[in-house]
Amino acid sequence: MAASLSGKRSRHERIVASPSFEYVYNENRRKHAFLNGARLFNDGFWVSSRFPSLSDVLETIRSDIDIFHAAPKRDQLFAQPLMNFVAHRRGLKTALLPHCVENASHENYYKAPGITFSKGKPLDPEGKELSLAHWAGAIGLPSHDVFSGAWKEFSRAALARVHKRDDSYSHFR
């Protein structure tokens, strides 16, 4: 059992910050019991020692290579179908972030409509707090969206912390 984000013991290995309803698998998922009806996710947090290693990921793919290639929604390799497949095939248990953290949103897409900021926190249209921002498909730094100011502020703060460190620890100088 893993400690949940609320501090209570949990039987979950992954907390899903953002479910994905359309992006992960195609209709072939219905042919496989472990995929049919599985909770699909876009982003989340590992909260267990059962976090799959790279060799776990490769072993899982190799063991079911035909299903792995038949089930993804798109023909290219993307992180979401890959990690969903591994989590579902290995039987890892998931929970939705809003079920674990009070007032948490399941939204995290940086272009989601209706996102606002209040007291420095991003909020969804229902006033629930976003825990992360997923820059899916972004090819540059944010500049004209609701997260632009926060991104720049956090980037400046992170750079300031890096510069405060001893030179032997900094890779940015």
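**Helix α3 and selected residues**

Analyst: In helix α3, the buried residues are Q80, P81, L82, N84, F85, V86, A87 and H88. The model is a predicted one.

User: Why is α3 described as largely enclosed by the rest of the structure?

Analyst: A residue counts as buried when its relative accessible area is under 20%. In α3, 8 of the 11 residues are buried, and therefore the helix is largely enclosed by the rest of the structure. The cover over these buried residues includes β4 (41–46), α1 and α2 (65–70).

User: What makes α1 and α3 roughly perpendicular to each other?

Analyst: Angles of 65 to 115 degrees count as roughly perpendicular. Helix α1 (residues 54–63) packs against helix α3 (residues 79–89) at an angle of about 80°, and their axes are 10 Å apart. The two helices are therefore roughly perpendicular to each other. On the α1 side the contact is made by V57, T60 and I61, and on the α3 side by L82, M83, F85, V86 and R89. These residues divide into 6 nonpolar, 1 polar and 1 charged.

User: How do you know that the side chains of R89 and D64 meet in a salt bridge?

Analyst: A salt bridge requires a side-chain nitrogen of Lys or Arg within 4 Å of a carboxyl oxygen of Asp or Glu. For R89 and D64 the N to O distance is 2.4 Å, and the pair meets the definition. R89 belongs to helix α3 and D64 to the loop between α1 and α2, so the pair ties together parts that are 25 residues apart in sequence.

User: Is D64 buried or exposed, and how do you know?

Analyst: The limit for buried is under 20% relative accessible area. D64 has 15%, so D64 is buried.

User: How many salt bridges does a search of the whole structure find?

Analyst: The search finds 4 salt bridges. Among them is the pair of E129 and K121, at 3.4 Å from N to O. K128 and E126 also form one, at 3.9 Å, which falls within the limit of 4 Å.

User: What makes T94 a buried residue?

Analyst: T94 has a relative accessibility of 15%, which is under the limit of 20%, so T94 counts as buried. T94 lies in strand β5 (residues 94–96). Leaving aside neighbours within four places in sequence, T94 is in contact with H12, R14, V16 and R39.

User: What is the phi of N103 and of K119?

Analyst: Most residues other than glycine have a negative phi. N103 has a positive phi near 65°, and K119 has a positive phi near 55°. N103 is found in the loop between α4 (97–100) and β6 (116–118), while K119 lies in the loop between β6 and β7 (121–123). K119 has a relative accessible area of 82%, over the limit of 50%, and is therefore exposed. N103, at 37%, is partly exposed.

User: How many helices and strands does the protein chain have?

Analyst: The protein chain has 5 helices and 7 strands. Of its 173 residues, 38% count as buried.

Key
Residues numbered from 1 in each chain as written. Predicted model: local features only at pLDDT ≥ 70, side-chain atom pairs only at ≥ 80, totals over all residues. Heavy atoms only, no water. Axes fitted to C-alpha atoms, helices over the stretch in contact; angles between N-to-C directions. Helix = DSSP H or I, 4+ residues; strand = E, 2+ residues; numbered from the N terminus. Parallel < 35°, antiparallel > 145°, perpendicular 65-115°, else oblique. Contact = heavy atoms within 4.5 Å. Nonpolar A, V, L, I, M, F, W, Y, C, P; charged D, E, K, R; others polar. Buried < 20%, exposed > 50% of the residue type's maximum accessible area, 1.4 Å probe, protein only.
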